[in-house]
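Subject: Structure for you to look at

Hello,

Here is the structure I said I would pass on. Please open it first, then read the notes below it.

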Amino acid sequence: MDPRTRPIGVFDSGLGGISVLRACTALLPQEDFLFFGDSANAPYGEKSLAQVQALTMAGVRRLLEQGVKAVVVACNTATSAAITLLRETYPQLPIIGIEPAVKPAAQGRSNSFVVVMATPLTIHEDKYQKLASTFQGQANVISLPCRGLAELVEQGQWSGPVLDAYLQELLLPLRHCSVDYIVLGCTHYPFIRRAIQTNFGRPVEIIDGSDGTARQLKRQLENAGLLRPPGEKGRVTFQNSRPDRLPMSMALFEMEV
């Protein structure tokens, strides 16, 4: 079998990584993708480091057993906690993580005010702390832990009064600050981009790291000689540790955001 024709594995703690999957399929429409969401153990953002590492390793092993040629860790928390361990364990495998898009936000405007919305564990981990501190001289980077927000998205709360009440309370202290960018540091959050914008109360630029992750995937596949030549449109296969989440997976993949 030509290794270029093998699928690309995409792993997430639940459904959020479908936002990254969408960016990857848009950039690489000829590729086959196998998405595995671990909704049975979601959310990862409030678990211990050891728990997230163990769950991420198990999810990636599942994808490898199905013959994927590369793995995208489409979860900021799993990337922060386990990407180094994964690369040490599988040194020959292209493994692409995702991180909050702090760099483009910090460099977008002079002395920009950047709010990073992320899970508590992502914000706590050294990987994110180093990233944020790197750009503190260029921008005012405010880290905003969003306990329970990924879980709301995972449960299908993509709009409505429950989500609005959560976001209004979370964002209220920032409404009168001169915020230039809101960075979505969890792959669940792009699906509630409109609700975040509405409940922030005024126009603000909202960005996430999905497109950058897709570009990095393409670069790594090219470098490894694993990029499938252009041709027929590839297939996307969804798997989940909670089979009842499969219809929601398809709905999120097709959603306009």
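Does Phe-253 count as buried or exposed, and why? Its relative accessibility is 19%, and a residue is called buried under 20%, so Phe-253 counts as buried. Please keep in mind throughout that this is a predicted model.

Now the chain as a whole. It holds 11 helices and nine strands. Its radius of gyration is 18 Å, close to the 18 Å that the globule rule gives for 257 residues, so the chain is as compact as a globular protein of that length. Along the principal axes, the C-alpha atoms fill a box of roughly 60 × 40 × 40 Å.

Of the 257 residues, 53% count as buried. The accessible surface of the chain is about 11300 Å², and carbon and sulfur atoms make up 51% of that surface. If you take the contacts with a separation of 6 or more, 79% of them are between residues 24 or more positions apart.

The chain carries 25 positive and 24 negative charges. The mean position of the positive charges and that of the negative charges are 3 Å apart.

Next, the aromatic rings. The count comes to four aromatic pairs. One of them joins Phe-11 and Tyr-44, with 6.3 Å from centre to centre and 45° between the planes, and this pair is tilted. It links distant parts of the chain: Phe-11 lies in strand β1 (residues 8–12), while Tyr-44 lies in the loop between β2 (33–37) and α2 (49–65), 33 residues apart. Both Phe-11 and Tyr-44 are buried.

Another pair brings us back to the residue in the opening question. Phe-253 and Phe-238 form an edge-to-face pair, with 5.6 Å from centre to centre and 70° between the planes. This pair also links distant parts of the chain, with Phe-238 in strand β9 (residues 236–240) and Phe-253 in helix α11 (residues 246–254), 15 residues apart. Phe-238 has a relative accessibility of 13%, so Phe-238 counts as buried too.

Finally, Phe-11 and Tyr-44 belong to one aromatic cluster together with Phe-36. You can find these three rings in the viewer by selecting Phe-11, Phe-36 and Tyr-44.

Regards

How values were computed: Residues numbered from 1 in each chain as written. Predicted model: local features only at pLDDT ≥ 70, side-chain atom pairs only at ≥ 80, totals over all residues. Heavy atoms only, no water. Helix = DSSP H or I, 4+ residues; strand = E, 2+ residues; numbered from the N terminus. Rg over C-alpha atoms; globule rule 2.2 N^0.38 Å. Buried < 20%, exposed > 50% of the residue type's maximum accessible area, 1.4 Å probe, protein only. Contact = heavy atoms within 4.5 Å. Areas by Shrake-Rupley, 256 points an atom, 1.4 Å probe, with all protein chains shown as cover. Lys, Arg positive; Asp, Glu negative; His and termini not counted. Charge placed at Lys NZ, Arg CZ, Asp CG, Glu CD. Phe/Tyr/Trp six-rings, centres within 6.5 Å; stacked < 30°, edge-to-face > 60°.
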